[in-house]
Amino acid sequence: MRIILLLFLAIFSHSYTVKAQYEANYGWFGTIATASGIFEKNETNYKIVTTTKAKGLAATLSGNLVQTYISEGIIKNNRLVPLKYIMNIKRKGNDYLRIYIFDHKNKTIIKKRYKNGKLTKVYKYFYAPDDILTLYWNLPLYLKEKKSFYIFYAVGGRKTDGRVDVSFPTKEEIKQFKKEIFNKKGIFLKANLYNKVFVGDKGILYLVINPENWVTLAGEVKNVLKIGDLKGKIVDFKQKN
């Protein structure tokens, strides 16, 4: 269910509050999750909160899974710089909390693990300049080099080092994406999430993004666990300047 997070990303812009809602469908399961996201920022600070909830059969199988992801930090040279990244996972009556504290000066991250409100472990984590939320919103800055393939590192990426690969899909891939889920114009990207739930360990995510405000309009992950494709679309969007 962690992979659903990247289907539920909102926008990158100037001082305002953004609220977005999405739905995800998975093969013959139908709608398996909904999500809401809030992005608030001013000239110096930002906060992103994204919550996903399992629905229907997926809720039953996952123990009524609810995931909340929070990124808080500062804005420097138009880039979101995370100071704290929080993952809160609730399922089967248990509450799992993970807090990542960034020290960019010394290039270190401290991870704290909690279960049902009790601190269970504190240790040094691998360093990455972004978390998975800020990586997405920082992409308009990172993709200016006009390369065909990019390698990034973010907390929430590959478990061993945070690696996330981003590239531009081929014309045939875009054509197939439009046919299957979203036949409208936009910026098309694909990312390798290196997630073990995918067939052959290839977590390829396709996104179509509004170029005017960097809102994710739709996304698709191919052939998850050989059952079907995970597809997500935006269903509601509000912006307050």
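So, which residues does Phe-152 touch, leaving out those up to four places away in sequence? The answer is Leu-135, Leu-139, Tyr-142, Leu-143, Gly-162, Arg-163, Val-164 and Val-166, with contact meaning heavy atoms within 4.5 Å.

Quick housekeeping. This is a predicted model, where local features need pLDDT of at least 70 and side-chain atom pairs count only at pLDDT 80 or more, while totals for chains, interfaces and linings use all residues. Residues are numbered from 1 along each chain as its sequence is written, and side-chain values use heavy atoms, with hydrogens and water left out.

Okay, the core. Phe-152 is among the residues with the most contacts inside the largest nonpolar core, which has 46 residues; Tyr-85, Tyr-100 and Val-155 are also on that list. By nonpolar core I mean buried Ala, Val, Leu, Ile, Met, Phe, Trp, Tyr and Cys residues joined through side-chain atoms within 4.5 Å, and buried is under 20% relative accessible area, exposed over 50%, partly exposed in between (1.4 Å probe, protein chains only). Helix α2, residues 132-142, gives the largest share, seven residues. Helices here are DSSP runs of H or I, at least four residues, and strands are E, at least two, numbered from the N terminus.

Nine of the 11 residues of α2 are buried, so the helix is largely enclosed by the rest of the structure. Trp-137 and Asn-138 are among the buried ones. At its start, a side-chain oxygen of Asp-131 comes to within 2.9 Å of the backbone nitrogen of Leu-133.

Last stop, strand β8, residues 118-125, where you'll find Leu-119. At 42% relative accessibility, Leu-119 counts as partly exposed.

Methods. Polar contact = N/O pair within 3.5 Å; in protein donor to acceptor, adjacent residues only side chain to side chain.
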